[in-house]
Amino acid sequence: MNSQNQFPRNFSFEFFPPKSPEGAEKLRATRDELRKLNPSFFSVTFGAGGSTQQGTLDTVVEIQKAGLNAAPHLSCIGSTKENIRALLQKYKENGIRRIVALRGDMPSGMREAGEFGHANELVSFIRAETARHFHIEVAAYPEFHPQATTATKDLQNFKRKVDAGADSAITQYFYNLDAYSRFVDDCEHLGINIPIVPGIMPITNYHQLARFSDACGAEIPRWLRKRLEAFGDDLNSLRDFGADVVTHLCEQLLAAGAPGLHFYTMNQAGPTTGIWRSLNAR
Ligand code: FAD
C-alpha cells in the first residue's frame, strides 16, 4: 500500500439522479448538509443504458451552479460515439472537469451493442475527443468484477483503463480490508501509479445491502452478515453497529495510506456524516 501514500487525500460523495420533484428537493438538502464536510467533488450516477442521461446532466449542472464540483458518471455500453461526443460537449459547456468513465451494464431486454465494448475504450475516446480537459476516474474492483474470468485478467483489464488515460480510480465497496490492500499491492507490481480511492458503503439496511452485494460481487463477510441479520427489525441498533464497523474500516484504510474515501451516500446525509464525525473524533 506504500505507493498510495504519495497522493493527496480526496474525499467525495456519490448521488443518484432524483426521480421526482420531492426527491430533487431532498437531494438539495442532503447536498447542503454534506457540503459542510468540504468534499473534493460530488459524483452522480448514470442509469444503465443511458436511462438517466438527462437526470444525471440536470443534477450535475445544479451542483455546479451551487458552487461545488460535480462529476457525472458516464457509461458507454449500448451507446454510440456520436451520443457520447454530444454529452461530453454538454459537460464541457457546463464547466464540468471530472468524469467517472464506465462500461456499465446492459439493461435486461436491451439488445443494442453500441460502439463501445469496455470502459478502456471509453477512456481512450474521451482523451481523443477532449485531450486533458477532464480528470477521468474509472472503477476498480478489489474483490474482482463479477464477470471477470480470472483475478489476473481483471487486474490486466484495470491496467488497460489506466494505460488509456485514467487519472484515478474509485473502488466498488468492500468490507474486507485485505482485499483492498492486496489489490493495491498488485497494481503497484503491474506499474499502475494512480490514486485508488476506496468506495465506502454505509450500512443502514441489511436486506438492501445483501441484494446489492449479491448483484455487484461485493462480499459481506459471514461474521458481519450474521450480526446484521440478528438485529432483525431493530434498525436503530443495526445502524449504530453498521456505523461503528464502517468507521473502523475507514480508519484502518486511512491509516494504511488510502488516498481518500468515496462515500456511496444513497442520497442520504445522515449515515455519511455520522461516520465522518466519528472518524474525526477518533
Ligand atoms: P470494465 O472496466 O469494462 O470491466 C467490465 C468487465 O469486463 C470486467 O470483468 C473486466 O475484467 C472485463 N474487461 C474490461 N476490459 C476488457 C477488455 N478490453 N477485454 C476483455 N475484457 C475486459 N453502473 C452504472 O450503470 N451507472 C453508474 O453510474 C455506475 N457507477 C459506478 C461507479 C463505481 C465507482 C463503480 C465501482 C461501479 C459503478 N457502476 C455503475 C457499475 C459498473 O457499471 C459495473 O460494474 C459494470 O459491470 C462494469 O463497468 P466497468 O466500467 O468497471 O467495466
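Colleague: Let's start with the second largest pocket: which residues line the second largest pocket?

Modeller: Keep in mind that this is a predicted model. The lining here is Pro 18, Ser 20, Ala 24, Leu 27, Arg 28, Arg 31, Asp 58, Thr 59, Glu 62 and Ile 63. Helix 1 (21-34) and helix 2 (53-65) each bring at least two residues to that lining. By type, you get 4 nonpolar, 2 polar and 4 charged, around a space of about 160 Å³.

Colleague: And how much space lies in the largest pocket?

Modeller: About 1700 Å³. Its lining has 48 residues, and the ones closest to the centre are Leu 102, Gly 104, Asp 105, Tyr 141 and Gln 172. Helix 5 (residues 151-163) gives the most to this lining, with 6 residues. Sorted by type, the lining of the largest pocket has 24 nonpolar, 16 polar and 8 charged residues.

Colleague: Now the cysteines. How many disulfides are there?

Modeller: General idea: a disulfide is a covalent bond joining the sulfur atoms of two cysteines. To count as one, the two sulfurs must lie within 2.5 Å. In this model the count is 0.

Colleague: Is Cys 76 buried or exposed?

Modeller: Buried, with a relative accessible area of 0%. Cys 250 counts as buried too, at 0% relative accessibility.

Terms used
Residues numbered from 1 in each chain as written. Predicted model: local features only at pLDDT ≥ 70, side-chain atom pairs only at ≥ 80, totals over all residues. Heavy atoms only, no water. Buried < 20%, exposed > 50% of the residue type's maximum accessible area, 1.4 Å probe, protein only. 1 Å grid on protein atoms, 1.4 Å probe; cavity = no way out; pocket = protein on both sides within 12 Å on 5 of 7 lines; lining within 4 Å. Points joined across faces, edges and corners; volume = space filled by probe spheres on them. Helix = DSSP H or I, 4+ residues; strand = E, 2+ residues; numbered from the N terminus. Nonpolar A, V, L, I, M, F, W, Y, C, P; charged D, E, K, R; others polar.
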